[in-house]
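Biologist: Hello! I am new to this structure and would like to get to know it step by step. Could you show it to me?

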Amino acid sequence: MYIASSWKDYELIDTGGGEKLERWGEIVLRRPDPQIIWPLLNENAAWKQADARYFRSNKGGGHWEVRRSLPERWSIRYKQLSFHIKPTGFKHTGLFPEQAANWDWMMGKIQSAGRPVKVLNLFAYTGGASVACAFAGAEVVHVDAAKGVVQWAKENLHLSGLGSRPVRFITDDVFKFVQREQRRGNRYDAIIMDPPSYGRGPGGEMWKLENDLYPFLENCVSILSDQPLFFLINSYTTGLSASVLTNLLTMAVQRKYGGTITSGEIGLPITASGLILPCGILGRWEA
């Protein structure tokens with residue numbers, strides 16, 4: 001398992017009863033998590049005094065119940081990187097802290113490459129990976145279909161003091177963007193993707209990860225450079241094994257470029273219990 005254990009501004013304090021208690025800087029949030037099927041053994045004062053708690057609705061979505069007034073947003077740091085945090089209507093905060101395990105790996109790969117590196121970040125959300133790669137010295141193209149999170153990513157880049165780095169932020173359908181890059185002959189040394197389980201394109205096109213991920217991988221491989229550095233896939237799709245990502249990367253990338261593949265779960269350490277909370281899976285190909 002790949003564990004993001006180097007945080008100071010984030011802490012997974014405790015888990016149980018389908019919920020997690022987290023510290024984001026000075027603010028403590030209580031949120032549901034479907035992986036937490038074990039009981040809450042001690043609903044102590046820390047749980048009861050969380051600054052805000054997210055409640056799911058039986059009709060979908062949910063709402064935050066705030067115990068004390070919160071800022072509209074605040075920032076936290078991971079090493080030299082900074083990110084804006086803001087509770088959203090769908091329980092999220094704008095950052096997945098377990099991804100720090102990938103940020104460290106990508107930064108190490110870029111910094112040790114000894115050459116210019118061009119990175120494509122697809123389904124790029126609020127830009128955690130884009131900021132990390134820019135900090136490491138890469139040229140980055142950041143693509144997401146949601147205008148609001150692309151703006152959030154721009155703000156994270158500037159918050160980290162990296163506003164002058166070569167990062168292009170593009171609001172677009174990632175599938176159509178990759179097809180256009182094929183036609184334009186643009187190439188990348190590294191590709192990152194965090195595809196959804198299900199989705200719908202701007203023209204009503206349906207995306208289902210089990211059916212569509214491999215053809216999309218093949219399209220992405222066609223825009224890799226002659227000497228690619230790495231290819232990373234993250235997935236939160238329930239029931240998908242990390243070995244599936246190994247197999248996909250073997251067929252789509254390794255057969256063409258050689259290299260090494262690793263895969264596994266990604267997780268966060270739980271302070272109270274010493275357990276690890278699984279937070280999805282990843283597959284990494286590296287030259």
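Modeller: Gladly! One definition to begin with: two strands pair if DSSP finds at least two bridges between them. Please keep in mind that this is a predicted model.

Biologist: Thanks! In what order do the five strands of the open sheet stand?

Modeller: Strands of a sheet pair through backbone hydrogen bonds, either parallel or antiparallel. Here the pairing is mixed, and neighbouring strands are turned by 20° against each other on average, direction ignored. Going across the open sheet, the order is E2-E3-E4-E5-E6.

Biologist: Which strands stand at the edges, each with a single partner strand?

Modeller: A strand with a single partner has one side left without a neighbour in the sheet, so it stands at an edge. That applies to E2, residues 10-16, and to E6. The edge strands are therefore E2 and E6.

Biologist: Which residue in the turn of the E5 and E6 hairpin has a positive phi?

Modeller: E5 covers residues 52-56 and E6 residues 62-66, and they pair in the antiparallel sense over five bridges. One of the bridge partners is Glu-65 in E6, which belongs to Arg-53. Between the two strands of the hairpin there are five residues. In that turn, the residue with a positive phi, about 100°, is Gly-60.

Biologist: Now the helices: is the crossing of H5 and H6 left-handed or right-handed?

Modeller: The axes of H5, residues 174-184, and H6, residues 209-221, come within 9 Å and cross at roughly 35°. As for the hand, the crossing in which H5 passes H6 is left-handed.

Biologist: How many charged residues does the contact of H5 with H6 have?

Modeller: H5 brings Val-174, Phe-175, Val-178 and Gln-182, while H6 brings Phe-216, Asn-219 and Cys-220. By class, five residues of this contact are nonpolar and two are polar. The number of charged residues is none.

Biologist: Finally, how much space lies in the second largest pocket?

Modeller: Its lining has 13 residues, and among the closest to its centre are Asp-173, Phe-175 and Trp-207. H5, E13 (198-200), E14 (206-208) and H6 each give two or more residues to this lining. By class, the lining has four nonpolar, four polar and five charged residues. The space in the second largest pocket is about 210 Å³.

Conventions. Residues numbered from 1 in each chain as written. Predicted model: local features only at pLDDT ≥ 70, side-chain atom pairs only at ≥ 80, totals over all residues. Heavy atoms only, no water. Helix = DSSP H or I, 4+ residues; strand = E, 2+ residues; numbered from the N terminus. Axes fitted to C-alpha atoms, helices over the stretch in contact; angles between N-to-C directions. Left-handed = near helix turned anticlockwise from the far one by under 90°. Contact = heavy atoms within 4.5 Å. Nonpolar A, V, L, I, M, F, W, Y, C, P; charged D, E, K, R; others polar. 1 Å grid on protein atoms, 1.4 Å probe; cavity = no way out; pocket = protein on both sides within 12 Å on 5 of 7 lines; lining within 4 Å. Points joined across faces, edges and corners; volume = space filled by probe spheres on them.
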